[in-house]
Amino acid sequence: MRIGELAETVGVTTRAVRHYHHLGLLPEPDRLSNGYRDYTLRHAVALARIRRLTELGVGLAEVRDVLADDAGKDLVEVLGELDEDLARQEGAIRERRARLRVLLEAGELSAEGPVSPELAALFARTSAGLADSPMAAKDREVLALIETAAPPEVRERMLAAVGAVTESPETIALANEAYALLDDLVDAEPDDPRVEAAAHRLAACVPPGLLPEERGEPDSTFLRAFCADFPPAQAAAIRRTLELLGVAT
């Protein structure tokens with residue numbers, strides 16, 4: 001058989017056959033006088049086994065071990081490891097589907113979605129009390145970022161702290177005032193006297209649990225990127241807020 005005939009017989013591509021030759025998985029056949037490869041039934045049997053293994057999800061490195069005469073791993077060991085890996089993937093898929101089901105059952109997603117059900121519920125509660133503010137929208141984006149990137153203990157502390165704020169009408173009112181002051185700074189200069197007022201108002205409504213337990217120097221790279229996302233006066237107000245809260249800038 002020529003390479004095309006072998007590939008068609010086993011149900012793979014000629015490119016795959018050449019790749020398996022390159023990796024040493026499929027022995028090279030003898031060549032005819034005209035230089036063409038001459039494949040035999042033995043090659044078809046070996047190629048079919050490679051196909052069955054790869055269709056099960058066995059990696060090519062493991063296929064090599066299984067096919068080797070002095071196999072470092074026997075087939076039972078390789079398939080056992082594959083089964084364990086598939087079980088982990090199956091668990092992860094079930095978890096993802098459960099999260100998707102919660103999100104879909106909740107109906108309309110927030111602009112920052114998808115987020116966890118806990119954060120989605122928090123956003124739903126705050127949307128009822130907070131004004132439609134560009135700064136409030138940025139806050140939600142940052143909360144979604146923290147939830148995604150932060151360690152579990154930080155996420156839990158954040159959700160608890162912000163959740164407590166949403167239950168206090170007084171704090172919601174303070175937040176609305178702070179957002180309005182910050183929104184007004186969008187075209188202002190960093191030395192605008194309103195910066196100080198906005199910083200004090202914002203500091204008054206930041207829940208204590210939202211700050212790290214040990215105050216001090218924050219991640220300067222993140223802080224620069226964070227502040228760079230705001231107009232100059234708003235960035236100045238945020239830096240001043242951190243100073244008022246005892247976070248070095």
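Author: In this predicted model, the largest nonpolar core has 24 residues, and those with the most contacts inside it are Tyr179, Leu182, Leu185, Val195 and Ala237. Helices α7 (134-149), α9 (169-183), α10 (194-204), α11 (220-228) and α12 (232-244) each supply at least two residues of this core. The greatest contribution, six residues, comes from α12.

Reader: What makes a set of residues a nonpolar core?

Author: The term denotes buried Ala, Val, Leu, Ile, Met, Phe, Trp, Tyr and Cys residues joined through side-chain atoms within 4.5 Å. A second, separate core of 19 residues includes Leu6, Leu26, Leu47 and Val78. In soluble globular proteins, nonpolar side chains tend to be buried together.

Reader: Why is Met135 called buried?

Author: Buried means under 20% relative accessible area, exposed means over 50%, and partly exposed lies in between (1.4 Å probe, protein chains only). Met135 has a relative accessible area of 5%, and is therefore buried. Over the chain, buried residues make up 32% of the 249 residues.

Reader: Which residues does Met135 touch, not counting residues up to four places away in sequence?

Author: Met135 touches Tyr179, Leu182, Asp183, Phe230 and Gln234 on that count, where contact means heavy atoms within 4.5 Å. Leu182, with the same exclusion of residues up to four places away, touches Met135, Ala198, Leu202, Gln234 and Ala237. The C-alpha atoms of Met135 and Ala180 are separated by 8.3 Å, although these residues are 45 apart along the chain.

Reader: How do you know what counts as a helix or a strand?

Author: Both are DSSP runs numbered from the N terminus: helices are H or I with at least four residues, and strands are E with at least two. The chain has twelve helices and two strands, and Met135 lies in helix α7.

Reader: What is the confidence in the chain and its elements?

Author: pLDDT is the predictor's confidence in each residue, from 0 to 100. The chain has a mean pLDDT of 84, and 90% of its residues reach 70 or more. Where pLDDT is low, the predicted coordinates should not be read in detail.

Reader: What conventions apply?

Author: Residues are numbered from 1 along each chain as its sequence is written, and side-chain values use heavy atoms, leaving out hydrogens and water. In this predicted model, local features need pLDDT of at least 70 and side-chain atom pairs count only at pLDDT 80 or more, whereas totals for chains, interfaces and linings use all residues.
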